[in-house]
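Welcome, and please get your viewer ready.

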Amino acid sequence: MHILDILALFICLAGIFIYVNTYYLKLPSSVGLMILALGLSFALLIIEQIIPEFKLGTERILQDYDYHEVLYQLVLSFMLFAGALQIDFKKLAEERTPVLILALLGVLISTFIIGGFVYYLLIWIGIPLDFMYCLVFGALISPTDPIAVTSTIKKYSLSKNLETRIAGESLFNDGIAVVIALTLLDLAHAGEDHFLGIVDIVWVFGTDITGGIVIGLFLGYLGYRLLKYIDNDEVEVEVLMTLALVMAGTQLAEFAHVSAKQAVVVMGLVIGNEGKSGHVTSAAGDYVFKFWHLIEETLNAMLFVLIGLEMLIIPWRLDYFAAGLFAFNIVLFARYVSVSLPIAAMSTYRSFEKNTIHVLAWGGLRGGIPIALSLSLPEFEGKEVIITMTYTVVVCSVLYQGLTIPKLMRITFPRK
């Protein structure tokens, strides 16, 4: 198959998924897409048993093409930019301290708790995996997607502060987790001969984040100024301008060896909020935000399609899936600790609503970002078990937490 045929297949399946969920299942986006992805996996497995050649064709589709660059350079950047467009920057500025502390410390705490526990879990099960790769798994599975349950949360009487903390923490921990995962991956590949000291690691991490923010601010302001002087009737120009900025910003950040993901997040915040501010008479039209919302939904659906196909070529080993089920409980525990400790420390000088920890911890669903990160990893020994564990954790998180979050919200907050 030609790469365009594969892209057409993915978009077609993604469109079917979104249509079926919207008009028939009527579930929150991530929950409905995950159920359909599971259905696709089981359907393909049945077809594989009936037509053995079908598996060979699927393997060729997934193995003959390198999705690493597409997932990392395009999909992650587009999804993070689209998410940033929806955040209220002024409200986020008021909550910047708890959001940044929760995002940074939360991901670091979560990474080491998950990595440490998973390392000893795999030893117990009998699956060899280097400790550094366990930390990579801890980092890539740490990004949360509470925005996936925004439609449910908005039905209840949450304060604007709490909503901003949920959305902002999710947005920034995505970008931070990507940087940490890639830094740890570089350390794992470097080996003992090129092991970096703690000062070097902090320096690399700090320059990555800072450089990404600087590039994001520059291109975000440039994009805002350009959009301001474009006639709002020029729909195509505005949409193409934002597309060009995201792709150019990603490439510029990669060229400068800084975090492209932090760059697109900051670009999205600047363009999204300056574009919607009243004193500019809406620099970016509503269709720009609707376009990027569509892009986010489509890419998210395509990721679930891809993970459904990916399950056909990884080993169906019970020990891998058992590790994934245990890892899901570890991830929940790590999420609770990574939220509780920073909030407990900040409670001495900042007030938090009752049940904030429970909402942040249980509302922290895993979604498209961990899937994209796991599939975009380069080849190494142990990648298959990481993909399997990621798949299992995301499935359990989306279905179990996604379907029970409404009950938690009914108990903790009154309905509007």
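Start by selecting Cys396: this residue is buried, at a relative accessible area of 18%. Now select Cys12, which is partly exposed, with a relative accessible area of 45%. If you go looking for disulfides, the structure holds zero of them.

Before going on, keep in mind that this is a predicted model. Colour it by confidence: the average pLDDT of the protein is 81, and 84% of the residues score at least 70. Among the elements, helix H14 (residues 318-346) has the highest mean pLDDT, at 94, while helix H8 (residues 150-153) has the lowest, at 60. Then select residues 277-282, where pLDDT stays under 50 and the model has nine contacts beyond four places in sequence.

Next stop, helix H9 (residues 160-190), where you will find Asn173. Is Asn173 buried or exposed? With a relative accessible area of 1%, Asn173 counts as buried because the cut-off is under 20%. Show its surroundings: leaving aside residues up to four places away in sequence, Asn173 touches Ala103, Val107, Ser142, Pro143, Thr144 and Arg335.

Move on to helix H11 (residues 235-255) and pick out Thr250. Thr250 is buried too, with a relative accessible area of 2%. Which residues does Thr250 touch, not counting those up to four places away in sequence? They are Gln73, Ser77, Ala260, Lys261 and Val264.

Now for the rings. Across the whole structure, a search finds 13 aromatic pairs. One of them joins Tyr119 and Tyr120 in an edge-to-face arrangement, 5.2 Å centre to centre with 75° between the planes. Tyr119 is partly exposed, at a relative accessible area of 24%, whereas Tyr120 is exposed, at 58%.

Compare that with Tyr221 and Tyr224, whose ring centres are 5.8 Å apart and whose planes meet at 50°, so this pair is tilted. Both tyrosines lie in helix H10 (residues 198-228), three residues apart, about one turn of the helix. Look at their accessibility as well: Tyr221 is partly exposed at 46%, while Tyr224 is buried at 8%.

What do Phe78, Phe81, Phe291 and Trp292 form? These four residues make up one aromatic cluster.

Conventions:
Residues numbered from 1 in each chain as written. Predicted model: local features only at pLDDT ≥ 70, side-chain atom pairs only at ≥ 80, totals over all residues. Heavy atoms only, no water. pLDDT = per-residue confidence, 0-100. Helix = DSSP H or I, 4+ residues; strand = E, 2+ residues; numbered from the N terminus. Contact = heavy atoms within 4.5 Å. Buried < 20%, exposed > 50% of the residue type's maximum accessible area, 1.4 Å probe, protein only. Disulfide = S-S within 2.5 Å. Phe/Tyr/Trp six-rings, centres within 6.5 Å; stacked < 30°, edge-to-face > 60°.
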